[in-house]
Amino acid sequence: MQSISYYLRRALHELRGKVVHLESKGISRGNVLISYTTLPYLDRRQKVLDAHTNRFECMQIARTFLQKGYAIDVIDGTNQTFLPKKPYAYFLDEGETNMERLVPLLNPDCLKILYLTRCYWKFLNDSEQERLQAIEKKRGVRLPPVRQIKPSRAIEIADTAVIVGNDFTSSTYPSLPQGTARVPLSTTHEYPAPERKDFAKAKNNFVWFGGAGLAHKGVDLVLEAFAGMPECSLTLVGKIDPKDPFAVVYKKELYGTENIKTVGWLDPGSMKWREIYENSVAIIYPSSSEGCAGSVVLAMHAGLIPIVSKQSGVETGSFGVTLVENSVETIRKEVRALVSLSPDILKNRSMETWEYARRTHTREKFSSAFKEFVE
């Protein structure tokens, strides 16, 4: 239930032109404009703050500039009516949403920073369309796209950039501005080490965990792969609505296949999610385009070995698997290869996965990397 303070903050937010203003302590060095998300400033419930990495990351970006003595204005990337009324030392735009519109209105000496959390817009758009075409060829139904992004020249306009992802993510851009830095994705939850897991019991159980855009994220490939592997089980956790056009086309696999269980969305802090990851060995995620897949990073913190596409933007090291191609046959091959390993080897790879996540993808690591970029 929402508190009265939440509705009061919402009302004030509307009156203030949908801008969150954060005043610096002491003498201000200037102003910073951030186009990202105002949600964590309006709804401060912990379950909201922990529902997506963007809430913490936006707030930490603002804190970093505040600590440097700047006053901050935060707007949503979807805010297409905001007009700057003051000079800004820096403008940071997440996802190429406001760069083209606002740069002509900003003071000429404002440093323009792109904060890139996904692949280049054209690569993303083309990748989703290719997935939809493949499903139409298999099932005879043309599904509507849900992840298309408006074309943008932001990458050509920005002075510099910060990118969340790996070498593959960077390679999807035609070019990146001078001084582009890479920061590691944070995570919303951390979990105990999987050292007590019964891997003999868990080795045949796999998970798909993700957000919106089921075709885009390769759920059709995962479903078709496991429908032909009755010896293995698959649990799907994510934004899966039975009325979604994709779910209608894949109704039998999602809801009528014995070794496939569709759970739907779960709170990553819930006991139900804990029960699933403690009884599973790996996450399967053949997405067609990501910056760095947050759901995979979260699963790695739970010790789930990643079997992912190169387009997921996640490093798999010696502990996981990067698919050589996103196909049903390749997924089956890698799943069966993992199942064939001994429980001791699976435990070692799971521990390596967990240790890598702890070493690389934390809020502390994100904060220090972004601070280094600003400095």
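## Nonpolar cores

The largest nonpolar core has 91 residues, and Ile34, Phe206, Phe226 and Trp273 touch the most other members. Another core lies apart from it, with 24 residues that include Val19, Leu114, Tyr120 and Ala161. The model described here is predicted.

Phe206 is one of the residues named for the largest core. Not counting residues up to four places away in sequence, Phe206 touches Phe226, Cys232, Ser233, Leu234, Thr235, Val281, Ala282, Ile284, Ile307, Val335, Leu338 and Val339.

## Helices α10 and α15

Helix α10 covers residues 219-227 and helix α15 covers residues 328-339. Their axes come within 9 Å and cross at roughly 60°. The crossing of the two helices is right-handed.

On the α10 side, the contact is made by Leu221, Val222, Glu224, Ala225 and Phe226. On the α15 side, Val328, Ile331, Arg332 and Val335 take part. Two of these residues, Phe226 and Val335, are also among the contacts of Phe206.

## Helix α14 and its surroundings

Helix α14 spans residues 294-301 and is mostly covered, with seven of its eight residues buried. The buried residues are Ser295, Val296, Val297, Leu298, Ala299, Met300 and His301. They pack against β8 (205-210), β11 (282-285), β12 (305-308) and α16 (343-360). Just after α14, Gly303 takes a positive phi of about 85°.

Thr353 lies in helix α16. Thr353 counts as buried because its relative accessible area is 0%. Leaving aside neighbours within four places in sequence, Thr353 is in contact with Met300, Gly303, Leu304, Ile305, Pro306 and Phe319.

## Val32 in strand β2

Val32 is placed in strand β2, which runs over residues 30-36. Its relative accessibility is 0%, so Val32 counts as buried. Not counting residues up to four places away in sequence, Val32 touches Phe65, Tyr70, Ala71, Ile72, Asp73, Tyr88 and Tyr90.

Leu111 is 79 residues from Val32 along the chain. The C-alpha atoms of Val32 and Leu111 are separated by 9.6 Å.

## Cysteines

A search of the whole structure finds zero disulfides. Cys110 is in no disulfide, and the nearest cysteine sulfur, that of Cys58, is 16 Å away. Cys110 counts as buried because its relative accessibility is 3%.

For Cys119, the closest cysteine sulfur is in Cys292. The two sulfurs are 10 Å apart, which is too far for a bond, because a disulfide needs sulfur atoms within 2.5 Å. Cys119 is also buried, with a relative accessible area of 0%.

## Glu96

Glu96 has a positive phi of about 60° although it is not a glycine. Glu96 is found in the loop between β4 (90-94) and α5 (99-102). At 9% relative accessibility, under the 20% cut-off, Glu96 counts as buried.

Conventions
Residues numbered from 1 in each chain as written. Predicted model: local features only at pLDDT ≥ 70, side-chain atom pairs only at ≥ 80, totals over all residues. Heavy atoms only, no water. Helix = DSSP H or I, 4+ residues; strand = E, 2+ residues; numbered from the N terminus. Buried < 20%, exposed > 50% of the residue type's maximum accessible area, 1.4 Å probe, protein only. Contact = heavy atoms within 4.5 Å. Core = buried A, V, L, I, M, F, W, Y, C linked by side-chain atoms within 4.5 Å. Axes fitted to C-alpha atoms, helices over the stretch in contact; angles between N-to-C directions. Left-handed = near helix turned anticlockwise from the far one by under 90°.
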